[in-house]
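I opened a new page for this one and kept my notes in the order I looked things up. Here is what I had on screen.

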Amino acid sequence: MTALAPHIEAFLREHLMRQRGASPHTCDSYAYSFRALLTFAAQRLKTAPSALALEQLDADLIGAFLEQLETTRRNGAATRNVRLAAIRAFFRFLQHRIPAALDQIRRVLAIPFKR
């Protein structure tokens, strides 16, 4: 199992801020997206957020998270798409860090945006 926390930290602190030059508002939005996703995943999988592994964040779980945003939280398509954009950016980042997860990454990146 691949620990998730170090990759999220590297993505938010190194990749977004330093390499991509993202604004603090963008970094905060992405961090909020991950907090919401990890909270959802931890509840769904009945585990602590700190114990989540990359392999547990598959396309089905992320799809269920996006569905929950729209139904339970009553977020519109635009908010859902913002959360999905953060998730997809993270998984594109992982392509180069964890080549063994390419099949899982490909399935997550295939999740479409809503219009």
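Is Asp103 buried, partly exposed or exposed? I looked it up, keeping in mind that this is a predicted model. Asp103 has a relative accessible area of 41%, which makes it partly exposed.

**Entry 1: around Asp103.** I checked what Asp103 pairs with, and found a salt bridge to the side chain of Arg106, at 2.5 Å from N to O. Both residues sit in helix H5, 3 residues apart, or about one turn of the helix. Arg106 counts as exposed, because its relative accessibility is 51% and the cut-off is over 50%.

**Entry 2: the salt bridge count.** Next I wanted the total, and the count came to 6 salt bridges.

**Entry 3: Glu70 and its partners.** I followed Glu70 next. Its side chain meets that of Arg80 in a salt bridge, 3.6 Å from N to O. This pair links distant parts of the chain, with Arg80 in helix H4 (residues 77-97) and Glu70 in helix H3 (residues 59-71), 10 residues apart. Arg80 is buried, because its relative accessible area is 7% and buried means under 20%.

Then I found Glu70 again, in a salt bridge with the side chain of Lys114 at 3.1 Å, N to O. Here too distant parts of the chain are linked: Lys114 is in the segment after helix H5 (102-109), Glu70 is in helix H3, and they are 44 residues apart. Lys114 came out as partly exposed, with a relative accessible area of 38%.

**Entry 4: a loop residue.** I moved on to Ser23, which lies in the loop between helix H1 (5-19) and helix H2 (24-45). Ser23 is partly exposed, at 30% relative accessible area.

**Entry 5: the largest pocket.** Which residues line the largest pocket? I listed Phe11, His15, Leu16, Arg20, Ala22, Ala89, Arg92 and Phe93. H1 and H4 each supply at least two residues of this lining. Sorted by type, the lining has 5 nonpolar, 1 polar and 2 charged residues. For the volume of the largest pocket I wrote down about 150 Å³.

Key. Residues numbered from 1 in each chain as written. Predicted model: local features only at pLDDT ≥ 70, side-chain atom pairs only at ≥ 80, totals over all residues. Heavy atoms only, no water. Salt bridge = Lys/Arg side-chain N within 4 Å of Asp/Glu carboxyl O. Helix = DSSP H or I, 4+ residues; strand = E, 2+ residues; numbered from the N terminus. Buried < 20%, exposed > 50% of the residue type's maximum accessible area, 1.4 Å probe, protein only. 1 Å grid on protein atoms, 1.4 Å probe; cavity = no way out; pocket = protein on both sides within 12 Å on 5 of 7 lines; lining within 4 Å. Points joined across faces, edges and corners; volume = space filled by probe spheres on them. Nonpolar A, V, L, I, M, F, W, Y, C, P; charged D, E, K, R; others polar.
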